[in-house]
Amino acid sequence: MTMAPMKVLDPDAGSRSVVDRALSILATFQGTRSRQALSDISRNSGLPIATCYRIVQRLTEWGALERDTDGRYRVGLRLWEVASRAPRSVGLQRYARPYLLDLYETTGFATHLAIREGIELVSIERFHNPRKNPRRPIIGDRYQMHTSAIGQVLLAYAPRHVQEEVLAGDLPAFTAHTYTDRDTLERVLVDIQRSGYAVSDRQTDLENVAVAAPVRGFDGSVIAAVSLSYPPETGDVRGMVHLIRLTATSISRTLAAAGYGDAAS
């Protein structure tokens, strides 16, 4: 499909300013905010209601947003079409999905695929029991890396300047088990690099233990991570580590055969 470029949204503002405002509006659609009234978008974006209305109308005309019958807005199909061409998320998701699904069906426990973007992780795929509704992760959302097994793996293999920014920043506690001390977390990252996996014991919530392992591209670099979450009473950490490493290795081999890396399509 050939897409016509978006027209300038506000002739009275500079192009950079208009783009920034449009992006701030689109950025409000995350987490539980999948459908929003105009007033919600205005409040969450920090834009005046009149400015917000003009830009939302134009985004809706272009197809980036859609308006429900009750007047609320949601992300539009055309924006999804553009996003579907992003190789780091959709391409990787396509290769990894069969292995994640197989692991979920084998164990009955939640599986998760994520990549690193800056100092945060971005969730791009998950499978979980449909009878349960975990608060996180939500596909497309960003999370801090220090608290979860999958985040710790991504952080352990991140460039040193990224590690330093995270270690020097705020490390909030989600539970009493969360690593909030720089020295402790730094030792954990070294151990992950040595062992090739991470274990997060009730660091994100008190209902789950998680194990995670790195996923590598065709050149051997770590481009993603996968995790498996299970109740603490399961107890079989060694078995879970074996399963998640086997899944990560299978995905990595598939990516290598396809010549897939960070810049691959």
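Me: Where is the place of S200?
Reply: In this predicted model, S200 sits in strand β6, which covers residues 198-201.

Me: And is S200 buried or exposed?
Reply: S200 is buried, since its relative accessible area is 3%, and the cut-off for that class is under 20%.

Me: Which residues does S200 touch?
Reply: Leaving aside residues up to four places away in sequence, S200 touches T147, S148 and A149, and also N208, V209 and A210.

Me: Stepping back, how many helices and strands does the protein have?
Reply: The secondary structure of the protein comes to nine helices and eight strands. Of its 265 residues, 43% count as buried, and among contacts between residues at least 6 apart in sequence, 56% join residues at least 24 apart.

Me: Let's go to the helices, then. At what angle do α2 and α3 pack?
Reply: Helix α2 (residues 38-45) and helix α3 (residues 49-62) pack at about 110 degrees, and their axes are 9 Å apart. That angle makes α2 roughly perpendicular to α3, because the class runs from 65 to 115 degrees. As for handedness, α2 passes α3 in a right-handed crossing.

Me: Which residues in α2 and α3 meet?
Reply: From α2 there are L38, S39, I41, S42 and S45, and they meet I49, C52, Y53 and V56 of α3. By type, the residues of this contact divide into six nonpolar and three polar, with no charged ones.

Me: Which residues in α2 are buried?
Reply: In α2, the buried residues are L38, D40, I41, S42 and S45. Of the residues on that list, L38, I41, S42 and S45 also take part in the contact with α3.

Me: What follows α2?
Reply: G46 follows α2, and the phi of G46 is positive, near 75 degrees.

Me: New topic: how many aromatic pairs does the count come to?
Reply: The count comes to two aromatic pairs. In one of them, the rings of Y95 and Y260 have their centres 5.7 Å apart and their planes at 70 degrees, so the pair is edge-to-face.

Me: Where in the chain are Y95 and Y260?
Reply: Y95 belongs to helix α5 (residues 87-107), whereas Y260 lies in the segment after α9 (237-258), and the pair thus links distant parts of the chain, 165 residues apart. In accessibility, Y95 is partly exposed at 21%, while Y260 counts as buried at 3%.

Me: Which residues form the tilted pair?
Reply: The tilted pair is formed by F109 and Y230, with 6.1 Å from centre to centre and 45 degrees between the planes. F109 is in the loop between α5 and β3 (110-117) and Y230 is in strand β8 (residues 222-230), so this pair ties together parts that are 121 residues apart in sequence. Y230 counts as buried, with a relative accessibility of 1%.

Me: One more residue: where does P172 lie?
Reply: P172 lies in the loop between α7 (160-168) and α8 (182-195), and at 24% relative accessibility it counts as partly exposed.

Me: What does P172 touch?
Reply: Not counting residues up to four places away in sequence, P172 touches Q144, H146, T178 and T180. For Q144, which is 28 residues from P172 along the chain, the C-alpha atoms of the two residues are separated by 9.3 Å.

Note on methods
Residues are numbered from 1 along each chain as its sequence is written. This is a predicted model: local features need pLDDT of at least 70, side-chain atom pairs count only at pLDDT 80 or more; totals for chains, interfaces and linings use all residues. Side-chain values use heavy atoms; hydrogens and water are left out. Axes are lines fitted to C-alpha atoms, for helices over the stretch in contact, and angles run from 0 to 180 degrees between N-to-C directions. Helices (H or I, at least four residues) and strands (E, at least two) are DSSP runs, numbered from the N terminus. Angles under 35 degrees count as roughly parallel, over 145 as roughly antiparallel, 65 to 115 as roughly perpendicular and the rest as oblique. A crossing is left-handed if the near helix is turned anticlockwise from the far one by less than a right angle, and right-handed if clockwise. Contact means heavy atoms within 4.5 Å. Ala, Val, Leu, Ile, Met, Phe, Trp, Tyr, Cys and Pro count as nonpolar, Asp, Glu, Lys and Arg as charged, and the others, Gly among them, as polar. Rings of Phe, Tyr and Trp (its six-membered ring) pair if their centres lie within 6.5 Å; planes under 30 degrees apart count as stacked, over 60 as edge-to-face and the rest as tilted. Buried means under 20% relative accessible area, exposed over 50%, partly exposed in between (1.4 Å probe, protein chains only).
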